[in-house]
Amino acid sequence: MKKNKTFYTLKNRDGREVQIDLNNYKVTCTITGTRKAFYHKYLAGLIERDYDNNIDTFRTTYVSREAKKADSKQKRVDQIQDRISRAYDLITQLKSQVEDLTRNNA
């Protein structure tokens, strides 16, 4: 069975136009190291929209949804930890105010 070739015109790192067959194209996630295949029309749109139509930028900076999801979970954990720290700081501040008020009333 012969695989179809689907060529798209993209830019390379030098800004020159290159013809790339995006049918059955696979790229490696820069964070997880996993190889990912895309449907050629989706991939062409992704490169055009998010990577300035540059195939080399796509190859060197692609991050999979899986990696982004793990990163967003870590960001959420960090946000919650920050909220907890601010809450502890507020509690300490309020306790200090209570102590000042009870000391002044005594």
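Mentor: Strand 1 and strand 2 form an antiparallel pair over five bridges; two strands pair if DSSP finds at least two bridges between them. Helices (H or I, at least four residues) and strands (E, at least two) are DSSP runs, numbered from the N terminus. This is a predicted model, in which local features need pLDDT of at least 70, side-chain atom pairs count only at pLDDT 80 or more, and totals for chains, interfaces and linings use all residues. Residues are numbered from 1 along each chain as its sequence is written, and side-chain values use heavy atoms, with hydrogens and water left out.

Trainee: Which residue stands opposite T9 in strand 2?

Mentor: Q19 does.

Trainee: Is N12 buried or exposed?

Mentor: Buried means under 20% relative accessible area, exposed over 50%, and partly exposed in between (1.4 Å probe, protein chains only). N12, in the loop between strand 1 (7-11) and strand 2 (17-21), has 14% relative accessibility and therefore counts as buried. Leaving aside neighbours within four places in sequence, N12 is in contact (heavy atoms within 4.5 Å) with V18, N54, I55 and D56.

Trainee: Is D52 buried or exposed?

Mentor: D52 counts as exposed because its relative accessibility is 58%.
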